[in-house]
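Here's a quick briefing on a ligand site and a few ring contacts. Have a look at the model first, then read on.

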Amino acid sequence: MARLIISADGPDNVAGWRTAFHHVAPDLETCSWYDPDLELRADDYALVWTLSSADLARMKGLRAIICTGAGVNHLLDDPAFPAHVPLVRMGGDQTAALMADYVLWAALGLLRDARTWALQQVAEVWRNNRVSRTCAETRVGIMGMGHLGAYVACHLHHVGFAVSGWRRSARDVPGIRVFAGDEALPDFLRDADILVNLLPSTTQTRGMINYDLLKQLPHGAGLINVGRGNHVVQADLIRALDEGVLGGAVLDVTVPEPLPAGDPLWRHERITVTPHVASEASREAQVRYVVDVIGQMERNERPALLCDPGRGY
Ligand code: GLV
């Protein structure tokens with residue numbers, strides 16, 4: 001019988017996780033990673049968020065590691081990560097729906113220039129920053145058309161935005177034009193009034209959103225970063241905003257996190273910062289997803305969000 005060892009969110013949160021698992025899957029044995037008497041078994045699953053290198057190395061004999069994050073670069077980048085142990089990313093309907101809601105909020109905010117309203121309210125200024133443009137007249141380009149990117153694209157498409165996507169390799173997403181590969185990137189960027197970053201963080205994608213890339217967007221375009229802070233060259237972003245190359249940015253991820261007091265991103269009048277909150281499913285939704293993944297692996301089925309350490313996500 002499978003057993004789940006819980007390390008996610010630290011020792012203080014293990015009891016809460018265990019109660020939640022007990023409600024959803026009473027037969028699933030759970031225990032704490034922090035139990036000093038814990039003896040690991042080859043059929044154990046582990047639920048993790050961040051881990052020290054020593055903890056990662058200790059997981060080398062496990063059946064699988066399931067991460068509470070949709071992004072797993074922090075695990076795969078650690079040389080101590082046991083690459084032969086299957087690693088599964090967080091998924092599930094609520095994770096995707098929350099991300100889609102966040103991106104919709106951010107896209108509408110950029111479209112109507114809600115940042116100006118926020119600044120005006122602080123200054124008690126009543127001024128109509130008239131924007132007579134609808135979502136149907138706004139083209140959104142999503143970089144990273146994996147599980148989350150494709151879901152977000154369909155959500156925005158249903159609302160009425162003109163949506164396209166870009167990814168390294170071709171993929172069909174019904175109703176969405178997907179550009180594939182480096183050679184298609186300029187065509188994709190040229191038509192993105194709002195660029196959404198949902199790429200995985202890998203050696204190829206880090207620093208990819210730099211001044212040269214931003215320059216290829218329509219003048220005054222918006223940027224929504226819900227990938228990782230390290231995708232964006234932050235000095236280039238500020239330059240692009242100051243020069244009007246970009247009209248605004250919504251950043252849910254930054255380098256570093258938390259963003260320190262005094263960082264120029266906080267006060268920039270064209271930037272909205274949110275504290276890495278775009279998509280964190282409820283504990284119950286995460287528990288249901290993890291139980292499904294364990295069920296699939298126990299039946300020797302391949303979970304949809306199994307990572308490929310060679311690919312980096
Ligand atoms: C959050 O960024 C996540 O990886 O889920």
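Which residues surround the ligand? They are Gly-69, Ala-70, Gly-71, Arg-228 and His-276, where near means a heavy atom within 4 Å of the molecule. Keep in mind that this is a predicted model, where local features need pLDDT of at least 70, side-chain atom pairs count only at pLDDT 80 or more, and totals for chains, interfaces and linings use all residues. Residues are numbered from 1 along each chain as its sequence is written, and side-chain values use heavy atoms, with hydrogens and water left out.

**Ligand contacts**
- Ala-70 puts a backbone N or O atom 2.6 Å from an oxygen atom of the ligand (a polar contact is a pair of N or O atoms within 3.5 Å).
- For Gly-71, a polar backbone atom is 2.6 Å from a ligand oxygen atom.
- Arg-228 uses its side chain instead: a polar atom there lies 2.7 Å from an oxygen atom of the ligand.
- On its own the ligand exposes 190 Å², and the protein buries 81% of that (Shrake-Rupley areas, 1.4 Å probe).

**Rings and charges**
- Arg-239 has its charged end over the ring of Tyr-211, 3.5 Å from the ring centre (the cut-offs are CZ of Arg, or NZ of Lys, within 6 Å of the centre and within 35 degrees of the ring normal).

Notes
A polar contact is a pair of N or O atoms within 3.5 Å; within protein, one must be able to donate a hydrogen and the other to accept it, and residues adjacent in sequence count only if both atoms are side-chain atoms.
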